[in-house]
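Colleague: Hi, I'm new to this. Could you show me the model and talk me through it?

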Amino acid sequence: MDSNTKKISLKFLLSNSLTGSLIGTQGKAIKELITITDAKINVSSASDFYPGTSERVILLSGTKEAVSLAQTLLWE
């Protein structure tokens, strides 16, 4: 398996309000991000915060290129 097909994951916390922007109205923004990047994006449920915080858990997974592109677009 070469480095282009190796799967990686990136987990981080995001505030509830920013998570809403990531998901978008009726999930439109996150679906578009998944389509563009080919990364898998999991978001913890609206009531499931990281322990001791009010932040939600985001998990990006896929090829290194897909995860890197998703991360870049997400921060923009």
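Colleague: What does helix α1 lie across?
Modeller: Helix α1, residues 16–23, lies across β1, β2 and β3. Helices (H or I, at least four residues) and strands (E, at least two) are DSSP runs, numbered from the N terminus. This is a predicted model in which local features need pLDDT of at least 70 and side-chain atom pairs count only at pLDDT 80 or more, while totals for chains, interfaces and linings use all residues. Residues are numbered from 1 along each chain as its sequence is written, and side-chain values use heavy atoms, with hydrogens and water left out.

Colleague: And at what angle does α1 run to β1?
Modeller: About 125°. Axes are lines fitted to C-alpha atoms, for helices over the stretch in contact, and angles run from 0 to 180 degrees between N-to-C directions.

Colleague: In what order do the strands sit in the sheet?
Modeller: The order is β1-β3-β2, in an open sheet of three strands with antiparallel pairing. Two strands pair if DSSP finds at least two bridges between them.

Colleague: Why is one side of β1 and of β2 left without a neighbour?
Modeller: β1 (7–15) and β2 (40–43) are at the edges, and each has a single partner strand, so one side of each has no neighbour in the sheet. On average, neighbouring strands here are turned by 15° against each other, direction ignored.

Colleague: How many bridges join β2 and β3?
Modeller: Four, with β3 covering residues 55–63. If you look at I41, you'll find it opposite L60 in β3.

Colleague: Back to the helix. Which residues does N16 contact?
Modeller: N16 belongs to helix α1. Leaving aside neighbours within four places in sequence, N16 contacts A46, F49, S54 and R56, where contact means heavy atoms within 4.5 Å. N16 and S54 are 38 residues apart in sequence, yet their C-alpha atoms are 7.0 Å apart.

Colleague: What about K11, buried or exposed?
Modeller: K11 is exposed, since its relative accessible area is 61%. K11 is in strand β1 and touches V57, I58 and L59, not counting residues up to four places away in sequence. From K11 to G24, 13 residues along the chain, the C-alpha separation is 20 Å.

Colleague: Last one: where is L73 found?
Modeller: In helix α3, residues 64–75. L73 counts as partly exposed, at 30% relative accessibility.

Technical notes:
Buried means under 20% relative accessible area, exposed over 50%, partly exposed in between (1.4 Å probe, protein chains only).
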